[in-house]
Each structure stands twice: as C-alpha cells, then as structure tokens.
Amino acid sequence: MTGTDSDEADSAWHPGHRDPSFGMADLRRVGANPDYWYPVASSGSVRTGRVLATAFAGDRIALYRGDSGTVHALEDRCAHRQVPLSMGAVEGETLRCGYHAWAYRGDGRISQIPYLSKGDGRPPRGVRGYPVREAYGLVFAFPGDPEKAAVTALPALPTFGSPQYRTMTFSRTVRCHYSFMHENLLDMNHQFLHRGIVGKLHPELLEYRTGARSVEARYLFTHAGGKRNRGAGLLAAEGIRGGDSRDIMTIRTEYPYQTLDLVPENAERPAFRLWAAYVPEDAEQRTCHAYGLLMIEKPRIPGALHLAWPFIRRFTERVFAEDRMAVEAEQRAWEEQGEDRNHEIFPLILDVREVLRANGVPLRPRTAACTTASGDGPASTPGHHSAEPESSAEPPGG
C-alpha cells in the first residue's frame with residue numbers, strides 16, 4: 001500500500017502505542033476544509049429543468065440542470081429580496097427567481113431583471129456561483145476558493161464502472177459532527193455493536209500508518225461463530241463465510257474522504273470496496289450528509305448479484321442504522337457536556353483525530369453580510385473561502 005506523495009516522506013507503520021495529546025483544540029469544533037470537491041446530491045436527483053436545495057456547512061446551495069444537461073450550483077438566495085433561488089424556475093441555462101423573476105446565469109451573474117428600465121439604478125452584483133462537476137453518479141461542488149477548483153482533483157475511484165463490479169449508492173443524513181463518522185469506520189473494535197447482524201467477528205489490527213493527510217489501517221477479520229445475517233455472506237461471498245474464514249480489511253482516511261476494501265483470504269481482488277464522504281450541512285457542523293458508493297464484485301454466476309441485491313441492501317442499511325445510532329449518541333453526549341470528554345486510548349484513532357484537526361478549518365460564528373459600496377454585494381461566509389461574483393448585468397430584457 002502506498003500513501004499520497006505528500007504523505008510518503010513522513011508515513012510510518014505504527015507497531016505500538018503512544019500517549020494521548022493534551023491541549024489541542026476540540027476536534028468537534030473544527031470545520032471541514034472547503035477546498036475539496038464534496039458531493040452535494042446524487043445526479044439522478046437533479047433533473048433537467050428542476051431546482052434542488054442542498055447545503056455545505058451552513059451555506060445554502062441551489063442546484064439546477066439546464067436544457068443542455070449541465071448542472072449549475074448557485075448561492076441559494078436571490079440578490080434582490082434574499083428569497084431562496086431553489087424556489088425558482090429553470091429557463092434554458094438560467095435560473096429565474098420565483099418571486100420577481102430575476103434571472104441568473106450558471107455563474108451567478110444576473111442576466112435579466114424584467115421590469116428594470118435603462119434609466120433605473122445599477123442592479124446588484126448577483127450571487128455566488130460554485131464550481132460543479134458530475135462523477136460516479138454524484139454532483140460535486142467546490143465550496144472553497146474557486147481558483148483552487150481547477151487544480152484540485154476529484155477522488156479517484158478506479159473500480160467504479162468496472163464490468164467486474166456493481167455499485168450501490170447510499171445517501172443519508174446523520175446528526176453528528178463528521179469526525180465521528182471517520183472514527184466509527186476506522187475503529188473496527190466496535191463489532192460488538194453489530195453482534196445481532198454479523199455474529200461474532202474478531203478484528204485484529206495488523207498494522208497502520210499515518211501521514212500529513214491520511215491514516216490507513218489493516219485488520220484481519222475472523223468469524224468466530226454466532227448467527228450471521230444472510231446479506232453479510234452475500235456481500236462478501238468468498239469472505240466472512242463463517243467457520244474459520246479470514247478476511248483482510250483495509251480502511252483509509254484520505255482527507256476528506258474515506259475508503260474500505262475487504263479482500264477474502266486467497267482472493268485476487270476485493271470482494272467489495274466502499275468510498276464515503278461526510279458533508280457537513282449546518283453552520284455548526286453538528287449534522288452531516290453521508291454519501292457512500294459500495295462497489296461489489298460480481299460473482300461468476302450471471303444474475304446472482306441481481307438476486308442478492310435486496311438482501312445486501314437490507315444488510316448494509318441495518319449496519320448503517322446501528323452505526324448512526326452510536327455516533328448520534330456520541331454527538332448528544334458532546335452537546336450535553338459542552339466539550340469533548342472522550343477518553344480515547346486507541347492510537348489509531350488518536351492519529352486520525354490529529355489528521356482531521358490539522359487539515360480542517362476553525363469554526364467561526366456566522367456574522368451579518370458584508371456590504372459593498374452599493375450595499376448589494378454577495379455575503380461572504382466566515383470560515384469559508386468565498387469569491388464575489390463579477391459585477392455584470394445585461395440591459396433590461398437581455
């Protein structure tokens with residue numbers, strides 16, 4: 001296994017333990033770094049000629065698909081009366097506010113104000129437009145510095161679209177800080193939580209390494225008996241079979257994403273691969289939207305995976321429901337106590353916390369919109385990189 005170029009120099013396999021660090025900022029008060037591509041919707045949910053409301057860390061975003069099929073992402077407010085543009089209507093490649101019919105291009109600039117005369121005052125600047133891309137059946141937005149979007153790569157998922165795999169997509173809101181999700185997946189010592197679904201699973205941490213932006217762990221999984229849900233065996237037909245079956249599970253947090261590969265013993269490739277992103281929705285980032293792509297290897301028997309699909313879906317939904325119950329309970333405890341009193345001793349989790357803390361951004365209280373000389377410029381969001389749209393409005397009726 002290899003890390004990213006930035007991580008290689010300071011990556012190391014960790015054979016032992018280390019003491020927890022003190023005096024660090026509360027991780028639950030660290031925001032997600034906006035200078036990455038984040039999924040904000042499934043492609044299928046953004047239909048041609050329709051508008052969809054979504055959000056990143058308290059910044060409301062209106063997604064719409066023009067007649068050309070291109071998806072655009074705008075700040076979800078009209079520069080006129082601040083009414084959400086997601087309440088508007090799509091006309092060609094423009095989005096028209098549903099209140100006074102102001103029309104916006106895909107970059108956020110105003111293209112028309114129907115009732116404005118040539119002699120009337122200069123219209124406002126418009127709203128922020130977000131860089132947006134579609135990949136893997138998802139719509140990705142870049143909520144950070146727009147100049148960095150062109151040089152920031154989308155996550156690489158070589159297995160997606162492979163004829164050897166079929167992908168199951170997940171999209172769920174979870175009421176917790178995104179860091180709890182990273183910890184939950186990376187720390188496989190919580191299998192007791194899933195005992196009613198997978199039986200007795202014994203995870204053994206073989207080794208792990210950490211770098212500036214990543215933490216990667218390898219576990220050996222052994223099924224030690226107990227009742228196991230049928231979907232578990234169907235998901236990994238060559239692994240987790242019961243008895244003495246052994247599987248190697250590799251989990252990696254590569255900021256800000258997370259992946260999981262399960263390779264059955266003596267298998268040539270993973271039985272399944274998971275890619276996940278946890279996108280904060282609210283300004284305080286106490287709620288996140290989990291997007292997951294589960295890429296499942298197709299068995300040799302044609303059509304077998306199609307028949308197994310409902311069982312696998314139910315199994316994964318049950319596991320996710322139990323995980324969500326646990327992480328939301330962690331979030332509630334944090335809110336009740338007013339601070340992070342978590343006494344973590346697992347060095348792997350201590351390391352991933354440092355990665356999330358070091359790559360995140362401080363959460364700052366949202367303030368009133370900054371005004372321009374004309375008093376109508378778009379607001380910038382504290383804690384986020386924002387770019388003010390160009391001042392450009394075509395003549396009335398343009």
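Author: **A serine and its helix**

Leaving aside neighbours within four places in sequence, Ser179 is in contact (heavy atoms within 4.5 Å) with Leu27, Arg28 and Leu356. The model is predicted: local features need pLDDT of at least 70 and side-chain atom pairs count only at pLDDT 80 or more, whereas totals for chains, interfaces and linings use all residues. Residues are numbered from 1 along each chain as its sequence is written, and side-chain values use heavy atoms, with hydrogens and water left out.

Ser179 belongs to helix α3; helices are DSSP runs of H or I with at least four residues, numbered from the N terminus. Ser179 counts as buried because its relative accessibility is 0%, the term meaning under 20% relative accessible area with a 1.4 Å probe, protein chains only. Nine of the nine residues of α3 are buried, so the helix is largely enclosed by the rest of the structure. Among them are Tyr178, His182 and Glu183.

Helix α3 (residues 178-186) packs against helix α6 (residues 304-337) at an angle of about 130 degrees, with the axes 10 Å apart. Axes are lines fitted to C-alpha atoms over the stretch in contact, and angles run from 0 to 180 degrees between N-to-C directions. That angle makes α3 oblique to α6, since angles under 35 degrees count as roughly parallel, over 145 as roughly antiparallel, 65 to 115 as roughly perpendicular and the rest as oblique. On the α3 side, the contact is made by Phe180, Met181 and Asn184; α6 contributes Phe320, Asp323, Val327, Glu330 and Gln331.

Terms used:
Helix = DSSP H or I, 4+ residues; strand = E, 2+ residues; numbered from the N terminus. Buried < 20%, exposed > 50% of the residue type's maximum accessible area, 1.4 Å probe, protein only.
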